[in-house]
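This report describes ring contacts in a predicted model. The sequence and the structure are shown first.

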Amino acid sequence: MNSIISVKNLTKKYGDFEAVKGISFDVYQGEIFGLLGPNGAGKSTTLEIIETLRNKTSGEVTVNGFDLDKQPGDIKQIIGVQLQTSGFYPGLSLVDLIHLFGGLYNEEVNAMELLRMVNLEDKAKSKFKELSGGQKQRFSIATTLINKPKIIFLDEPTTGLDPQARRNLWELIRNIRDKGTTVIITTHYMDEAEYLCDRIAIIDSGKIVSLDTPDKMIDALVASGFERPKDVKKATLEDVFINLTGHALRED
Ligand code: ADP
Ligand code: MG
C-alpha cells in the first residue's frame, strides 16, 4: 500500500491543554480513511493541521511526499477541503460559486460537469440558500473537487441529514474514491463508517486507541469474548424507516 499521508507523533497544544497527544498514522492512496471519536477528541484539529490551516505543536506530517513545514503551498495545491456550508455566499448561483472558486484556484472548471457529478445539474441557476441540507452538502463536496485534488477532507459531511440524503452522499463519496481520489472523513455515525471506510482510526482524548479495517476491529472485539447483551434483531429501526420511506431523495 502506498502511503499518501504520513503523520508521526503529532501533538497540538491550545495553551496548557494538549488536544492531540502524539498520534501517528498513515493514509493509503485511494482509500477512504475515517477518523472516529467523541466530540472534543481532536479530529478536526488533526485534519486542519494536515490541511495546513492550523499550526501543529510538534511532530512530522508529509502529504504526497511534501513536508508540511517546508512545502505547505505544494500541499494546498493537491488537496480539497470542504467548507462549512455557512462559508458560501448565499445569494450566488451554484454556477457562479463554482466559477468564483475556480478563479481562486486559477483553474478552468466545467461547472456543469461538476454539478452533474453531484446530481445538481438542474439546480445550476439556483442560489445556494435555496438548496436543501443534502443538496448543500453535495454542493460543498463538489467544490472540494474544483482543483482536481489527490486528497479530499470531509469533516462530518453527513451530520444533520435525513437517512436518504445520507445514503445518497455515501454513494457520492464512494464514486469519488473509485475515481482515484483519497478521502479522509470524520463521522459520528458508526453505520456510515462501517459502510464507507476502508480503514478507520478511533481517537479518544487526543490519542489513537485503535486503527484497522472496520471488519478486523469487529472481529477482534468478538474474539475477545464480547457478546451483545441481548439477542440481535435481524433489522434496525433505520431499516424500517428506509423500508417504509424508500431510498429516493425528497429534496429535489
Ligand atoms: P473534534 O473535532 O474531535 O470534536 P476538536 O479538534 O475540534 O475535536 O477539539 C479538540 C479539543 O481542542 C477540544 O477540547 C476543543 O475544545 C479544543 N479546541 C479546539 N480548537 C480550539 C481552539 N482554537 N482553542 C482552544 N481549544 C480548542
Ligand atoms: Mg470536529
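## Aromatic contacts

Phe-88 is buried, with a relative accessible area of 4%. In this predicted model, a search of the whole structure finds six aromatic pairs. One of them joins Phe-88 and Phe-101 in an edge-to-face arrangement, at 5.7 Å centre to centre and with 80° between the planes. This pair links distant parts of the chain, since Phe-88 lies in the loop between β6 (79–81) and α3 (94–105) while Phe-101 belongs to helix α3, the two being 13 residues apart. Phe-101 is itself buried, with a relative accessible area of 13%.

Phe-88 also forms an aromatic pair with Phe-128, and here the arrangement is tilted, with 4.8 Å centre to centre and 45° between the planes. Phe-128 lies in the loop between α4 (111–117) and α5 (133–144), whereas Phe-88 lies in the loop between β6 and α3, so the pair ties together parts of the chain that are 40 residues apart in sequence. Phe-128 is buried as well, its relative accessible area being 3%, which is under the 20% that marks a buried residue. Phe-88, Phe-101, Phe-128 and Phe-139 form one aromatic cluster.

Key
Residues numbered from 1 in each chain as written. Chains lettered and ligands numbered in written order. Predicted model: local features only at pLDDT ≥ 70, side-chain atom pairs only at ≥ 80, totals over all residues. Heavy atoms only, no water. Phe/Tyr/Trp six-rings, centres within 6.5 Å; stacked < 30°, edge-to-face > 60°. Helix = DSSP H or I, 4+ residues; strand = E, 2+ residues; numbered from the N terminus. Buried < 20%, exposed > 50% of the residue type's maximum accessible area, 1.4 Å probe, protein only.
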